[in-house]
Amino acid sequence: MASRPLQLVAAPLLLLLLVVVPAARSSRVFSVADYGAAGDGSRYDTAAIQAAVDACAAAGGGRVLLPAPGNYLTATVHLRSRVVLDVAPGARLLGGTRQEDYPAVSSRWYVVLAESTTGAGVTGGGEINGQGGAFVVTPSEVKNIMVYLGKLIRLGTCIACSLHLVRCDNTVIHNVSIFGDFNTPNNDGMDIEDSNNTVITNCHIDTGDDALCPKSSTGPVYNLTATNCWIRTKSCAIKFGSASYFDFKRLVFDNITIVDSHRGLGMQIRDGGNVSDVVFSNIKMSTRYYHPLWWGRAEPIYITTCPRHPDSKEGTISDLRFINISSVSENGVFLAGSKHGLLHNLKFKNIDLTYKRWTNYTGGLYDYRPGCQKMVKHKTGGMMLEHISGLEVDNVRMRWARGSLKGWDVNPLLFRPSTIDQLSFHDWQSVDVQ
C-alpha cells in the first residue's frame, strides 16, 4: 500500500524536509503523549514536544511521534540532529497564532527549527497546518493583505517557506501535499534556495504564490530533479529566481501537470547569476489570466533575463531543453533576454501549444516584473522573442482557437530581427482549431 502524503495546509510560509535517517538511529520512538502533550488543539504542547525531542536526541536519535488522533498546538520547537518528527496519519501539528510566541524578528518565526543539524527531518501521513488565516489583516478575493509570518519549519542549515530549503545538500522530498491559501501572497510551495542534490517526487502543490522555486541568494543551485508532481498556483508553477545572484546548473523537471496557473515554466534572472543545462520534459499545463496584482500573464513558458536595477549585472540563460510539452493558454510563449544577458541555445522538441481565451482579464501586456520594464503594452503572439542567440524548434504545433482570441495579434512569431540570430525551424505548424 502506498504511504499517505504528509499534508501541509493553510500556512502563509511553511517548510517540510524529508531526509534519509539510518535505520539503527530511527528505530527508537518517543511519543509526545508520554511527555504530557494534550493534543486538544487549545492547550500549547510546545514543552511536551520539546521534551520528547531532547530525550530522543540524548538517546542517540530516533523518531518523535505525534500520535493520532490529536491536534498539537505549538510555538517554536527545536529539532536536534538525528531526530525525525513523525506526524502520524490523523494527527495535526498546528502553528500557534500568537505573534508573541515567536521571536521579535519576523525572519526568525518558525514552528519547527533545527539549525546546524544532520539527519533531522519530518515525515508521516498527517498534517502540518500553519493556520495562516489568522494572520490575514484584510481579506480580499483579489489578493489578501496579511501580517508577515516567517517560516514554519527550519531544518539543519535549511530554512523553509511553504517548503523552503536553504543551504541544504542531499535532500529528498517525497509524497508531500501542500495546500496554501489561493488568495494569499508569499506562501510559496517549495523554495529550493542555495541547495544542491535535491530530489522532489510525487508531490501535490496548490497555493497562491510560486510553487516550485529555485533561488540562488548566497550560493549556486545545482543537481535538482523534480518528477511526478501536480501544481496549481496563482503565480508561477516552476520559477527560477527572482533571487538569482549565483548560478543554476543541471536541473530536471519531468512528468509535471500544471493546472489553471498564472504562469507555467518561468525564469526571472535579475541579479547576475547564470542558468545552464536545464530540462523540462513530459509536462502538461493550462495557464490563464488572474488579476494583474499577481505577477504573470498566462504564459505557458516565460524565460527572461534583465537587470533588476540599472546598475545590476545581467546573467545569461543557456542550454535549455523543452521536450514533450503541451499547453492550453491564454497567452503566448515569452522568451526575452537582454542586451548583455542573452538567451543561448534553446531547444523546443515535440511541443503542442493551444491558444484560447476564457477569462475576461485584459490582454496585450508583457510582464517583465520584477524590475526591468515592468508592464509593457505589446501585441500578443504565439511566441515573442528578443535577445536570443540560438533557438531550435523541432515538431512544434501552434493551435489557434480563433473565435476566442479577441485582442490578439495571432501572429505565430513576434520579434525584432536585430536582436535574434541562429534560428532553426523544422516541422513547425500554425493551424486553426474550433
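**Close-up views of salt bridges and a pocket**

**View 1. Arg 369 and Asp 367 are joined side chain to side chain by a salt bridge, with 2.8 Å from N to O.** A salt bridge here is a side-chain nitrogen of Lys or Arg within 4 Å of a carboxyl oxygen of Asp or Glu. The pair belongs to one network, in which salt bridges with shared partners join Arg 263, Glu 299, Asp 367 and Arg 369. Arg 369 and Asp 367 are both buried. Buried stands for under 20% relative accessible area, exposed for over 50%, and partly exposed for values in between (1.4 Å probe, protein chains only). In the structure as a whole there are 14 salt bridges.

The model shown is predicted: local features need pLDDT of at least 70, side-chain atom pairs count only at pLDDT 80 or more, and totals for chains, interfaces and linings use all residues. Residues are numbered from 1 along each chain as its sequence is written, and side-chain values use heavy atoms, with hydrogens and water left out.

**View 2. A salt bridge links the side chains of Lys 349 and Asp 394, at 3.0 Å from N to O.** Strands (E, at least two residues) are DSSP runs, numbered from the N terminus. Lys 349 is partly exposed, at 39% relative accessible area, whereas Asp 394 is buried, at 17%.

**View 3. The side chains of Arg 43 and Asp 40 form a salt bridge of 2.6 Å, N to O.** Arg 43 has a relative accessible area of 53% and is exposed. Asp 40, at 33%, is partly exposed.

**View 4. The second largest pocket has a volume of about 320 Å³.** Its lining has 22 residues, and the closest to the pocket centre are Tyr 368, Gln 373, Glu 386, His 387 and Arg 416. A pocket is an open set of points on a 1 Å grid over the protein atoms alone where a 1.4 Å probe fits, with protein on both sides within 12 Å along at least five of seven lines; lining residues have an atom within 4 Å of a point. The volume is the space filled by probe spheres set on the points, which are joined across faces, edges and corners. At least two lining residues come from each of strand E27 (301-305), strand E33 (383-386) and strand E35 (413-415). E33 gives the largest share, three residues.

Definitions and conventions:
Helices (H or I, at least four residues) and strands (E, at least two) are DSSP runs, numbered from the N terminus.
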